[in-house]
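Please look over the sequence and the structure shown here before reading on. The notes after it are grouped by topic.

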Amino acid sequence: MFSNFTTMEFSSKLLEQAVYEMSQLPGIGKRTALRLVLHLLRQSENQTQLLTQALLKLRTEIKFCKNCHNISDVELCEICVNPNRDASIICVVEDVRDVMAIENTSQYRGQYHVLGGKISPLDGIGPQDLTIYSLIEKVKSGFVDEVIFALSSTMEGDTTNFYIFRQLESFNIKTSTIARGIAVGDELEFADEVTLGRSILHRVPFENSLKS
Ligand SMILES: [Zn+2]
């Protein structure tokens with residue numbers, strides 16, 4: 001891609017730099033990057049400043065909830081401080097998009113644990129790169145009754161579920177997995193609210209998902 005990029009003839013180094021940085025975003029090829037940058041140039045300068053300030057603020061001020069590791073503006077997120085949420089039930093998800101998807105169903109009243117990814121040896125992501133240790137510590141504290149696995153049913157998702165399951169096996173807690181109304185390989189964020197809501201309500205013991 002980069003070699004392709006260098007064949008583009010830019011009339012300005014500044015333009016080239018901006019297009020290059022824009023093209024680093026996922027799904028943005030160099031043509032799209034150029035279109036977006038030219039669009040920014042046509043907008044008022046103020047509009048571009050609002051965009052860059054929002055991105056900078058996001059990058060420098062964002063926090064991760066100390067309890068569930070979800071993206072938050074404060075040390076403990078709204079879900080974790082909400083007294084109406086059941087702290088004895090923990091739903092394990094990959095990232096903030098899954099929390100948003102499950103929250104949209106209004107069917108879940110427990111808390112979350114955001115792993116920050118899935119175990120993926122091919123991408124060099126091991127258990128130590130995720131927040132698994134902190135989940136185990138949480139379970140060790142004795143206040144957790146149930147851990148629900150809600151990772152997408154990809155190979156990496158299954159590997160991660162199983163790894164965590166083995167780590168938690170010796171504790172006297174219930175482990176369950178969301179019912180598979182969701183097709184293999186589907187990501188949670190794309191599941192419709194009704195299906196996802198049902199699959200949480202009708203969750204099954206984790207051992208049952210290990211049969212095959
Ligand atoms: Zn939290």
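Predicted model: local features only at pLDDT ≥ 70, side-chain atom pairs only at ≥ 80, totals over all residues.

The domain assignment divides the chain into domain 1, residues 2–61, and domain 2, residues 74–210. Between the C-alpha centres of domain 1 and domain 2 the distance is 36 Å.

**Helices α2 and α3**

- Helix α2 covers residues 13–22 and helix α3 covers residues 30–42.
- The two helices pack at an angle of about 120 degrees, and their axes are 8 Å apart.
- Because angles of 65 to 115 degrees count as roughly perpendicular and those over 145 as roughly antiparallel, α2 is classed as oblique to α3.
- The crossing of α2 past α3 is right-handed.
- On the α2 side, the contact is made by Leu 15, Ala 18, Val 19 and Met 22.
- On the α3 side, these meet Lys 30, Ala 33, Leu 34, Leu 36 and Val 37.
- By class, the contact of α2 with α3 has 8 nonpolar residues, no polar residues and 1 charged residue.

**Loop residues with positive phi**

- His 69 is not a glycine, yet its phi is positive, near 70 degrees.
- His 69 sits in the loop that runs between β1 (63–64) and β2 (71–72).
- His 69 is buried, because 21 other C-beta atoms lie within 10 Å and the cut-off for buried is 20 or more.
- Ser 106, also a residue other than glycine, has a positive phi near 55 degrees.
- The loop holding Ser 106 lies between α6 (96–105) and β4 (110–114).
- Is Ser 106 buried or exposed? Ser 106 is exposed, because 9 other C-beta atoms lie within 10 Å and the cut-off for exposed is 12 or fewer.

**Thr 175 in strand β6**

- Strand β6 spans residues 174–177 and includes Thr 175.
- Thr 175 counts as buried, because it has 21 C-beta neighbours inside 10 Å.
- Which residues does Thr 175 contact, leaving aside its neighbours within four places in sequence? They are Val 147, Phe 149, Phe 165, Leu 168 and Phe 206.
- Thr 175 and Lys 57 are separated by 118 residues in sequence, and their C-alpha atoms are 38 Å apart in space.

Conventions. Residues numbered from 1 in each chain as written. Domains from an automatic or database assignment. Helix = DSSP H or I, 4+ residues; strand = E, 2+ residues; numbered from the N terminus. Axes fitted to C-alpha atoms, helices over the stretch in contact; angles between N-to-C directions. Parallel < 35°, antiparallel > 145°, perpendicular 65-115°, else oblique. Left-handed = near helix turned anticlockwise from the far one by under 90°. Contact = placed C-beta atoms within 7 Å. Nonpolar A, V, L, I, M, F, W, Y, C, P; charged D, E, K, R; others polar.
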